[in-house]
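The stops below are given in the order to select them.

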Amino acid sequence: MKLYRLTRHADGARATLTDAPLPEPKAGEVRVRIAAASLNYRDLLVRDGVAKGNGEGRIPLSDAAGEVDAVGVNVHRLAVGDRVAASFFRDWTDGPFHARYMNAALGGSLTDGVLAEHVVLPEHAWVRLPDTLDAMAAATLPCAAVTAWHALVVRGGLRAGDTVLVQGTGGVALFGLQFAVALGARVIVLSSSDDKLARARALGATDLVNYRTTPEWDAAVLELTGGAGVSHVLELGGPQTYQRALNVIGAGGRIAQIGVLTGFGPQPNLARLQGMNADILGITVGSRAHFENMLGFIAEHRITPVIDRVFAFDDVENAYAHLRAATHVGKVVIRVRA
Ligand SMILES: NC(=O)c1ccc[n+]([C@@H]2O[C@H](COP(=O)([O-])OP(=O)(O)OC[C@H]3O[C@@H](n4cnc5c(N)ncnc54)[C@H](OP(=O)(O)O)[C@@H]3O)[C@@H](O)[C@H]2O)c1
């Protein structure tokens, strides 16, 4: 079979296509023939060596979906022919998060990921898919969608009538937008581009702010909310957006701290948080149980993941370049099986 490994060179890192023997599942393990994978901003961080460890030789990417084609002994949840997706934290199946789950995040620099024709993982690391989602759509979900779900619904307690601020039109942002609209919340979207904002409007966002032409977007958001601010922020930008996110949080509001699009280490002034009796929720993707509950919601509300572009399996380098260019809306997908 073929798979990709991250290789480091004098002129930077690359995903390098390699031959490998077909892996056999051991006891408790399940092998999946991968149909599609998707890229996340995190995959750029891992490739650039920003994430923990060097990652040399690791199989990249956390997100993939396919069909079970072999099972080891003592496998009880899944059988050959089942359609599944990978769960981002291999070992976080349910319950509270533990720090030990972190190093086994798929496609990080310490644990192999899923950009391969066949992937073997413990059976607990696979999520069974509903018939309503094809492999391409399912491959968009493990990181971005679960993160948005965990942030807004599980920890954020989002309800009809709430107001959500979404930053940008990438993967996490658009899933956040779609979940919030399905729940009856009002959605304000920030974007660098009016064309992208028009796409967000078509998905149900009612309020749109271009942060290039309106750099003081916090003032615009306060105006849109009659000065009250928003109940939820999906904070994706980091240092360059954090203070403005705090400036717009409303009474009892919740900021989900998620992203690093403008770098690491925000140093915000927390006075408004205290004054508003608001909370910051630290979010790192989510568990398999979050993923499974989210799949029920996606089926019930007929949510279709927004796929920007699909790349062929031998064109992975261009898929990375496309994500880095940040002209996309929604998710960038790789078709693994033709
Ligand atoms: N904590 C976690 O578990 C977790 C999980 C998933 C993702 N993340 C993080 O969340 C962020 C988004 O991830 P993703 O995979 O959804 O990324 P993505 O699909 O690559 O989204 C990138 C988009 O973000 C928008 N953006 C860039 N700079 C911005 C800024 N200053 N203000 C507002 N929007 C900005 C741009 O959209 P526009 O052109 O429309 O502005 C850009 O196209 C990343 O930092 C990622 O590392 C964290």
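Select helix α3 (residues 141–154) and helix α9 (residues 288–300): their axes come within 10 Å and cross at roughly 85°. Axes here are lines fitted to C-alpha atoms over the stretch in contact, with angles from 0 to 180 degrees between N-to-C directions; helices are DSSP runs of H or I, at least four residues, and strands are runs of E, at least two, numbered from the N terminus.

Show side chains next. On α3, the contact (heavy atoms within 4.5 Å) uses L141, P142, A145, V146, W149, H150 and V154. On α9, the partners are H290, F291, N293, M294, L295, F297 and I298. By class, this contact has 11 nonpolar residues, 3 polar and no charged (nonpolar: Ala, Val, Leu, Ile, Met, Phe, Trp, Tyr, Cys and Pro; charged: Asp, Glu, Lys and Arg; polar: the others, Gly among them).

This is a predicted model, in which local features need pLDDT of at least 70 and side-chain atom pairs pLDDT 80 or more, while totals for chains, interfaces and linings use all residues. Residues are numbered from 1 along each chain as its sequence is written, and side-chain values use heavy atoms, without hydrogens and water.

Now colour by domain. The assignment, from an automatic or database source, gives domain 1 (2–142 + 286–335) and domain 2 (156–282). Their C-alpha centres lie 27 Å apart. Domain 1 puts 19 residues into the contact and domain 2 puts in 15.
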